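Subject: Structure handover

Hello,

Please find the structure below, with notes on what was found in it. Keep the sequence open next to the 3D view while you read.

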Amino acid sequence: RVDYFTQHSVLDWVDHLGSLRIGGPDSVFVNLAGIAGPSSHATSVEKKNGMHNVNYKAAVGAANASLSLGVGHFVQSSTQATFAERAGQVPYSRGKAMADFALSRIEGMPVTIACLGMLY
């Protein structure tokens, strides 16, 4: 399992997904990473950057690894958010919005950004 807090490189994701035999045009990767903050065992640097690492860097790394492995389709979960949240006024939202934008620009692999309603 890739650690969303610390493993963001495409190589980490390629090795992880490849070890699970994910790849090729008939495969679909669905990233259901929820909004998250730092884990309780994180270092102070990881805690400071935890939400950005999980919500932006890990999602973009997973998508680029999927592209590298020839995955047929990448699906990114997003969240319903108000305009203020998308503008970065909520701590997690900037990373999520940046990831959605980065993924929407990927060429060579279909990408779907699915907006999920979450009750909590």
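Among the contacts in the chain with a separation of 6 or more, 73% are between residues 24 or more positions apart. Keep in mind that this is a predicted model.

Overall layout

The chain has 120 residues, and 38% of them are buried. Its secondary structure comes to 4 helices and 3 strands, which follow the pattern α-β-α-β-α-α-β along the sequence. The accessible surface of the chain is about 6,900 Å², and carbon and sulfur atoms account for 56% of that.

The aromatic cluster

A pair of aromatic rings is described by the distance of the centres and the angle of the planes. The count here comes to 2 aromatic pairs. One of them is formed by Trp13 and Phe29, which are edge-to-face, with 6.0 Å from centre to centre and 90° between the planes. Trp13 belongs to helix α1 (residues 10-19) and Phe29 to strand β1, so this pair ties together parts that lie 16 residues apart in sequence. Trp13 and Phe29 are both buried.

Phe29 also pairs with Phe74: the ring centres are 5.4 Å apart and the planes are at 10°, so this pair is stacked. Because Phe29 lies in strand β1 and Phe74 in strand β2 (residues 73-79), the pair ties together parts that are 45 residues apart in sequence. Phe74 is buried, as is Phe29. Through these ring pairs, Trp13, Phe29 and Phe74 are linked into a cluster.

The nonpolar core

In soluble globular proteins, nonpolar side chains tend to be buried together. Which residues of the largest nonpolar core touch the most other members? They are Trp13, Phe29 and Phe74, in a core of 17 residues. Helices α1 and α2 (44-68) each supply at least two residues of this core, and α2 gives the most, with 5 residues.

Helix α1

The buried residues of α1 are Trp13, Val14, His16 and Leu17. Leaving out residues up to four places away in sequence, Trp13 touches Val2, Tyr4, Gln7, His8, Gly18, Phe29, Ala58, Gly61, Ala62 and Ala65. After α1 comes Arg21, which has a positive phi, near 60°.

The surface patch

Val28, Val30 and Leu32 form a nonpolar patch on the surface, and together they have about 290 Å² of accessible area. Val30 is in strand β1 (residues 28-31). Is Val30 buried or partly exposed? Its relative accessibility is 43%, so Val30 counts as partly exposed. Phe29, also in strand β1, is buried.

Strand β3

Ile113 is in strand β3 (residues 111-116). Ile113 has 32% relative accessibility, so this residue counts as partly exposed. Which residues does Ile113 touch, not counting those up to four places away in sequence? They are Gln76, Ser78, Asp100, Leu103 and Ser104. Ile113 and Asn31 are 82 residues apart along the chain, and their C-alpha atoms are separated by 9.8 Å.

Regards

Notes: Residues are numbered from 1 along each chain as its sequence is written. This is a predicted model: local features need pLDDT of at least 70, side-chain atom pairs count only at pLDDT 80 or more; totals for chains, interfaces and linings use all residues. Side-chain values use heavy atoms; hydrogens and water are left out. Patches are made of residues with over 30% relative accessible area and no salt bridge: like charges are joined within 9 Å, nonpolar side chains (Val, Leu, Ile, Met, Phe, Trp, Tyr) within 5 Å. Accessible areas come from the Shrake-Rupley method with a 1.4 Å probe; for residues, only the protein chains shown count as cover. A salt bridge is a side-chain nitrogen of Lys or Arg within 4 Å of a carboxyl oxygen of Asp or Glu. Buried means under 20% relative accessible area, exposed over 50%, partly exposed in between (1.4 Å probe, protein chains only). Rings of Phe, Tyr and Trp (its six-membered ring) pair if their centres lie within 6.5 Å; planes under 30 degrees apart count as stacked, over 60 as edge-to-face and the rest as tilted. Contact means heavy atoms within 4.5 Å. A nonpolar core is a set of buried Ala, Val, Leu, Ile, Met, Phe, Trp, Tyr and Cys residues joined through side-chain atoms within 4.5 Å.
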